[in-house]
Amino acid sequence: MNDTKGSVVADDIDPRTRSLNAPSPVQQFGPCGRIMKTSALITTIQDPASQRLTWYKNPLSVLVIKKVRDMSVLPPFIELVRWLIQEKSMIVFVEHSVMEDPMLSSNLGFMEVRDKLNSFQDGKDDLTDKIDFIICLGGDGTLLYASLLFQQSVPPVLAFHLGSLGFLTPFKFDNFQQQVTNVLEGHAALTLRSRLRCIIDRQNEDKEKPETNLLVLNEVVIDRGPSPYLSNIDLFLDGKYITSVQ
């Protein structure tokens with residue numbers, strides 16, 4: 001594990017677990033997110049609750065990721081993007097599929113701000129250094145997808161629980177205005193999560209193809225896809241052989 005991402009956590013929510021970690025080697029998240037330097041950062045053992053979010057410069061851009069194929073998320077999504085644009089004058093990025101969603105295209109509230117949204121396509125557009133922070137509307141899967149979009153520094157993530165699983169999404173949407181304002185003003189705690197670097201080196205294939213190199217949060221799933229043949233996998237951790245599976 002050699003990469004760290006930052007997730008914003010609510011101050012008024014009791015954490016499910018408490019742990020002690022060494023100071024993080026990563027102090028920057030996205031173009032302008034930082035860990036606020038306090039005396040706790042120079043101690044040998046650090047309480048995660050002491051880590052605070054601060055901004056190197058005022059955040060201007062936000063990426064909003066919503067849960068897919070869930071109509072119940074559409075009203076909160078529309079309310080959020082309208083508020084970000086009209087009340088906070090933010091530059092809002094959304095997925096390209098959102099712009100073409102027929103359920104949203106028939107909503108007058110969404111159409112009022114549609115032309116002010118910026119869209120991107122996963123795998124084609126590079127969001128590095130374009131996003132100051134991320135807002136997720138959904139469950140844990142939505143947050144994991146948002147993390148996968150950033151293969152370098154991950155901006156701070158504010159995750160609202162609107163999905164089935166919410167172990168990583170501590171915020172309720174009822175008072176989203178106050179929660180987002182707290183983040184914009186730098187009044188938020190920061191939870192650091194390590195990511196796994198997954199490198200897949202395919203044997204007996206064209207050596208000119210680059211190896212797969214991904215930073216992922218939580219877990220890695222390797223699927224053989226449509227191939228009818230068995231796959232032989234040798235697993236290494238930090239260069240040390242662990243096991244082989246078929």
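**Local contacts, salt bridges and burial in the predicted model**

Val-220 is partly exposed, its relative accessible area being 37% (buried means under 20%, exposed over 50% and partly exposed in between, with a 1.4 Å probe and protein chains only). The structure is a predicted model in which local features need pLDDT of at least 70 and side-chain atom pairs count only at pLDDT 80 or more, whereas totals for chains, interfaces and linings use all residues. Residues are numbered from 1 along each chain as its sequence is written, and side-chain values use heavy atoms, with hydrogens and water left out.

Val-220 is located in the loop between strand 11 (212-216) and strand 12 (233-237); helices (H or I, at least four residues) and strands (E, at least two) are DSSP runs numbered from the N terminus. When neighbours within four places in sequence are set aside, Val-220 is in contact (heavy atoms within 4.5 Å) with Leu-196 and Cys-198. The C-alpha atoms of Val-220 and Arg-197 are 9.4 Å apart in space, although 23 residues separate the two in sequence. Leu-196 belongs to strand 10 (residues 189-200) and, at 30% relative accessibility, is likewise classed as partly exposed. Together with Ile-222, Leu-196 and Val-220 make a nonpolar surface patch of about 220 Å². Patches comprise residues with over 30% relative accessible area and no salt bridge, like charges being joined within 9 Å and nonpolar side chains (Val, Leu, Ile, Met, Phe, Trp, Tyr) within 5 Å.

The loop between strand 11 and strand 12 also contains Asn-218. Asn-218 has a positive phi of about 90 degrees although it is not a glycine, and its relative accessible area of 55% places it in the exposed class. A positive phi, of about 55 degrees, is found in another residue that is not a glycine, Asp-238. Asp-238 is situated in the loop between strand 12 and strand 13 (240-245) and is exposed, with a relative accessible area of 70%.

Three salt bridges are present in the structure (a side-chain nitrogen of Lys or Arg within 4 Å of a carboxyl oxygen of Asp or Glu). In one of them, Glu-112 pairs with Arg-82, with 2.9 Å between the closest N and O atoms. This pair links distant parts of the chain, since Glu-112 is in helix 4 (residues 108-113) and Arg-82 in helix 1 (residues 74-86), 30 residues apart. Arg-82 is partly exposed at 26% relative accessibility. A further salt bridge joins the side chains of Arg-114 and Glu-100, at an N to O distance of 3.9 Å. Arg-114 lies in the loop between helix 4 and strand 7 (118-120), and Glu-100 in the loop between helix 2 (96-99) and helix 3 (102-105), so the pair ties together parts that are 14 residues apart in sequence. Lys-67 forms a salt bridge with Asp-70, in which the closest N and O atoms are 3.6 Å apart. Within this pair, Lys-67 is partly exposed, with a relative accessible area of 25%, while Asp-70 is buried, at 19%.

Burial was also examined in helix 5 (residues 140-148), where the buried residues are Asp-140, Thr-142, Leu-143, Ala-146 and Ser-147. These residues lie on the same side of helix 5, because they cover an arc of only 160 degrees around the axis, the arc being that of the directions from the helix axis to the C-beta atoms. Two of these residues, Asp-140 and Leu-143, are touched by Thr-169. Thr-169 is placed in the loop between strand 9 (157-161) and helix 6 (176-184) and is buried, with a relative accessible area of 3%. Not counting residues up to four places away in sequence, the contacts of Thr-169 also include Gly-138, Gly-139, Ala-159, Phe-160 and His-161.

Among the cysteines, Cys-32 is buried at 0% relative accessibility, and Cys-136 is buried at 1%. A search of the whole structure finds zero disulfides, a disulfide being a pair of cysteine sulfur atoms within 2.5 Å.

Overall, the protein contains six helices and 13 strands. Of its 246 residues, 39% count as buried. Among contacts with a separation of 6 or more, 65% are accounted for by residues 24 or more positions apart. The protein exposes about 14,800 Å², of which carbon and sulfur atoms supply 51%; accessible areas come from the Shrake-Rupley method with a 1.4 Å probe, and for residues only the protein chains shown count as cover.
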